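Below are some notes for a colleague who is meeting this structure for the first time. Please read them with the sequence and the coordinates at hand.

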Amino acid sequence: MNQDNEHVLTKESSALPVARAGGQAATRLDAVSRLRRMDVRRMAGAVVFLVLALYVLFGASAFNQYEASLVLVFAVAALGQDWLMGRAGQISLGAAAFMAVGAFTTARISAESWAPFPLPIIISAVFGCLLGLIVGLTGLRFRGLYLALSTLALQFIVAFAVQRYQGSNQAGLVAAVPKAGGFAFDNVQRLNLLMLIVLALVILGLGGLYRRAPGRAWAAIRQNEFAAAVAGVDVVRWKLLAFIGSSGIIAVAGSLYAYQASTVTYIPFSIQLAVSILVMVFIGGLGSMTGAIIGAIFVELLPEWIQMITNHFQGSAGLSSWMQSNAAELALAIYGLVLLLVLIFERDGIVGILNRLAGLGLRLIRRRTQGQES
Amino acid sequence: MSPQVAGLITGTLTTGAILSLIAVGFVVMYRATKVVSFAQGAFSLVGGFSFMALSQHHVNVVLALLASIVISLFAGALTYQLVFRRLVGAEPFVTAIATIGLATLIEACAIIIWGSGPIILPNVLSGRVYHVSGSLLVTSADIFIVGAAVVVFALLVPMLYRTQLGLRVQAVADHPRLAAYVGVNVIAITTLAWAVSAATAAVGGVAFLLTSQPSPDSVYSLGLVVFPAILLGGLDSIVGALVGGMLLALVQNVVTTYVSGTWVDVVSYGLLLAVLLIRPQGLFGSTEVSRV
């Protein structure tokens, strides 16, 4: 189903027991032949990440930096969601609930003297993990639809809880400015630096997991739980770990959101938010980290792009003002449509399309060079 | 009878009618296609807005309802032919996600066309209030809504359980390929299931507009709010949809009357979790719980 795991899935049965033993005995020849393609892809990813980081930190205007900060928050959330859905194959509508837990935890404790800066993020992650453990434990009983419905229940329960917690405090909870030593992340640019660091850590950590035994275990579970169990994968353990880890990461995204928005209310953490995070993962490409990030960029920047297009239609005032007043709904309609198109035509999302284009380009180049030689 | 209890009875009957109508659409679709639809609320929007547009042009209530049913029938059939026919054989969670995309698309289009404010119908019903006994008051809207639900179920249940057509639907539900071998037109049956499912959701949507002045967003949310009712009744039981809808409506109205309206969602979904843990097949559903 996805490109990154192709090599894993084709020889699951042979690789799994070996991987569980520690991986030393993995067939070395395979590893070498696999290395090239993976390395190229990873290096390309790193270069893109660096260029983006430099742009966000130094090149962008204040407004674009604000947009970028949203993209970064949701890139982290989408990576967490992709862990559970794209890797472990568990469908979840609980992302907004986990983000709410992270955001409210951070806003609540960030000003406390016993919780200096990195601690609120870490504690948010821990709370997210705990909630993920609870959901995961109930999730062990359910598969597919039933799991999706129990996470839908989680969404309604957490939304209710944070609304009660916020109570009569209409303005919302205020998150203190994070300070590391003498350095305060007190403007968008500096916050973006913080978020880029977190995003990089998440990418490196997850990449490490996916490449090793855990990644193979999750791939096996996603393909077929029963076959995985027969092949010796401890399904319960790896499923629970995916729930715990992905919930922790989404809670971290919530924590970053609290810092980014500086005030936290229950309102943004609606079922629509959960759906949009799910949509990011699908549009970008299920089971691909690049895909999750591209999905976050697409969904978060779409209203902005519509605004930009609107500016080109200044000549016809009617159309321009119509688009202006409906920008949010237009964005919703477009991403609903794109989601349908992705599901119908290219299950691997934008990453799948890019891969196809790259393959096409390579073939063209190869054909041309061959033509010149002969 | 105290006014509180009287209000509880009428409230439960009308909410129950709305929830059952939307739930039964889900069940019809799930039985025939195994698609788990998050888009029932979106079809309620299609029906509701058609009804509103027609009412604004002074079309008779019953005619407007029939016309919006026909429009939704076509909308459902079209959706299957354009989108879900291409997803046949996909994993169940792919089709479920597709219904989320579809619902988002429909809701966004509806809001672009009609705005996001409350949907206010012109005075389509007399607004007369009938005193039944003591403090039990019934409005003409209540009668219309419950009547519509009764008619839908009275048509649907015999159609599915007593006719050749119902038998064919059952065959497709059980085993599409075998059904095709014995000469059932699977595509036609599936298209029909989509159409009927959308139409019942549309009747539910119209009923919802008649009881209150909801925003498009809360009509759309009907498709999510209804899940506790569906699960309570059993995913694949028509009677279950009716009973589940009524029970959920009773719980919601009791909570609203004696506790507070803010507790409705959390209690409903608490109920859903309880059903999942204790009796995942619901009251009337078949026992096949996890599909591999």
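1. This is a predicted model, and a reader may begin with the charges of chain B, where the mean position of the 10 positive charges and that of the 8 negative charges lie 13 Å apart.

2. As for what is covered, 54% of the 292 residues of chain B count as buried.

3. In its secondary structure, chain B has twelve helices and two strands.

4. The overall dimensions of chain B can be checked against a simple expectation: a compact globule of 292 residues would have a radius of gyration near 19 Å, and because chain B has 19 Å, the two agree. Along the principal axes, the C-alpha atoms of chain B fill a box of roughly 60 × 45 × 35 Å.

5. Where contacts in chain B link residues at least 6 apart in sequence, 75% of them join residues that are at least 24 apart.

6. Confidence deserves a separate remark for chain A, whose average pLDDT is 84, with 87% of the residues scoring at least 70. Over residues 1–26 of chain A, however, pLDDT stays under 50, although the model has 48 contacts beyond four places in sequence for this stretch. Where pLDDT is low, the predicted coordinates should not be read in detail.

Key: Residues are numbered from 1 along each chain as its sequence is written. Chains are lettered from A and ligands numbered from 1 in the order in which they are written. This is a predicted model: local features need pLDDT of at least 70, side-chain atom pairs count only at pLDDT 80 or more; totals for chains, interfaces and linings use all residues. Side-chain values use heavy atoms; hydrogens and water are left out. Helices (H or I, at least four residues) and strands (E, at least two) are DSSP runs, numbered from the N terminus. The radius of gyration is taken over C-alpha atoms; the globule rule is 2.2 Å times the number of residues to the power 0.38. Buried means under 20% relative accessible area, exposed over 50%, partly exposed in between (1.4 Å probe, protein chains only). Contact means heavy atoms within 4.5 Å. Lys and Arg count as positive and Asp and Glu as negative; His and the chain ends are not counted. The place of a charge is taken as NZ of Lys, CZ of Arg, CG of Asp or CD of Glu. pLDDT is the predictor's confidence in each residue, from 0 to 100.
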